[in-house]
Amino acid sequence: MDCGEVFVISGNESPAWLRRLSVADRAEYASFSAESDAVLRGEALLNFAQRQEVAGSLEAAADIYASIRETCPDTVLQGRARQSLDAILGRGSGGPRAEFLLRRLTQEAAEPSSLLAMGLAGAAFRMTRLAVLSRLSASPTAHFLSRGFGARALSGLAGFAVEAPTFTLTGR
C-alpha cells in the first residue's frame, strides 16, 4: 500500500494514538484504507493529519505526516507532509513553524486554567508587593532598602518570589 501507511485500527498492534481517537475519527481513518488511488488516499490522509494537528493530537498528526513523507509517490504531497512534520518538530522554514507555534499559543493562552493561574498569580504579586512595601515604608530607620528605589525593588522581588510558584501550582 503506497502513499501513507494505513495502521491497523483494532487490537494491540495499533498505535496508541490511534486507539485514543474518537469513534468518528477512527471510522474516517478506516475509510482511507478502502481508497484505491494512492494520491487521493495521500491527500485524504494529509487533510486528516492537519485536522488532528489543529485538534491537538500531535502524535497522530506526526505519525501520519511521516507515513506520507516516506511512502507517497507524489512529491508535492511528500513536500507538504515534510513541511508540516518539520513544523511540529521545530525545524524547517520559519513560516510554518511560526504558524504552528502561534496556533498553539492562542489555544493554550485561552485555556481557562491558564487564565485562572495568571489572575491568581497577578493578585498574589500585587498583594505581596503592597505588604512588603508598606512594612518597609513603616520602618523607623531610613536607609536604601526602606525608601525609594530600594524599597520598590525589594518589594517587587518579594512579589515575584510569590507570583512564580502561585502561577505554577494554580496551573496544575
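## Close-ups of a predicted helical model

The structure holds 1 aromatic pair, where rings of Phe, Tyr and Trp (its six-membered ring) count as a pair if their centres lie within 6.5 Å. This is a predicted model, in which local features need pLDDT of at least 70 and side-chain atom pairs count only at pLDDT 80 or more, while totals for chains, interfaces and linings use all residues. Residues are numbered from 1 along each chain as its sequence is written, and side-chain values use heavy atoms, with hydrogens and water left out.

**View A. Y29 and F48, a tilted aromatic pair.**
A pair of aromatic rings is described by the distance of the centres and the angle of the planes. For Y29 and F48 that comes to 5.7 Å centre to centre and 50° between the planes. Tilted is what remains once planes under 30 degrees apart are called stacked and those over 60 edge-to-face. Y29 lies in helix α2 (residues 23-32) and F48 in helix α3, so the pair ties together parts that are 19 residues apart in sequence. Helices here are DSSP runs (H or I, at least four residues), numbered from the N terminus. Buried or exposed, what is Y29? Y29 is buried, at a relative accessible area of 0%. F48 is buried too, with 0% relative accessibility. The cut-offs: buried is under 20% relative accessible area, exposed is over 50%, and partly exposed is in between (1.4 Å probe, protein chains only).

**View B. Helix α3 against helix α4.**
F48 turns up again here, as one of the α3 residues that meet α4. The axes of α3 (residues 38-55) and α4 (residues 58-71) come within 8 Å and cross at roughly 155°. That makes α3 roughly antiparallel to α4. Axes are lines fitted to C-alpha atoms, for helices over the stretch in contact, and angles run from 0 to 180 degrees between N-to-C directions. On that scale, under 35 degrees is roughly parallel, over 145 roughly antiparallel, 65 to 115 roughly perpendicular, and the rest oblique. The crossing of α3 and α4 is left-handed, meaning the near helix is turned anticlockwise from the far one by less than a right angle (clockwise would be right-handed). From α3, G42, L45, L46, F48, A49, Q50, Q52 and E53 take part, and they meet L58, A61, I64, Y65 and I68 of α4. Contact means heavy atoms within 4.5 Å. By class, the residues of this α3 and α4 contact are 9 nonpolar, 3 polar and 1 charged. Ala, Val, Leu, Ile, Met, Phe, Trp, Tyr, Cys and Pro count as nonpolar, Asp, Glu, Lys and Arg as charged, and the others, Gly among them, as polar.

**View C. Helix α3 against helix α5.**
The axes of α3 and α5 (residues 75-89) come within 10 Å and cross at roughly 20°. That makes α3 roughly parallel to α5. The crossing of α3 and α5 is left-handed. On the α3 side the contact uses V39, G42, E43, L46 and E53, and on the α5 side L77, R80, A81, S84 and I88. These residues divide into 5 nonpolar, 2 polar and 3 charged.

**View D. Helix α7 against helix α8.**
How do the axes of α7 and α8 cross, and at roughly what angle? The axes of α7 and α8 (residues 148-171) come within 7 Å and cross at roughly 155°. That makes α7 roughly antiparallel to α8. The contact of α7 with α8 has 16 nonpolar, 9 polar and 3 charged residues. The crossing of α7 and α8 is right-handed.

**View E. T128 and V132 in helix α7.**
T128 sits in α7 (residues 112-138) and is buried, at 17% relative accessibility. Leaving out residues up to four places away in sequence, T128 touches A158, G159 and V162. V132 is also in α7, and at 22% relative accessibility V132 is partly exposed.

**View F. A24 in helix α2 and A38 in helix α3.**
A24 lies in α2 and is exposed, with a relative accessible area of 55%. Its C-alpha is 54 Å from that of L130, 106 residues away along the chain. A38 is found in α3 and is buried, at 11% relative accessible area. From A38 to L21 the C-alpha distance is 23 Å, for 17 residues of sequence.

Technical notes: Helices (H or I, at least four residues) and strands (E, at least two) are DSSP runs, numbered from the N terminus.
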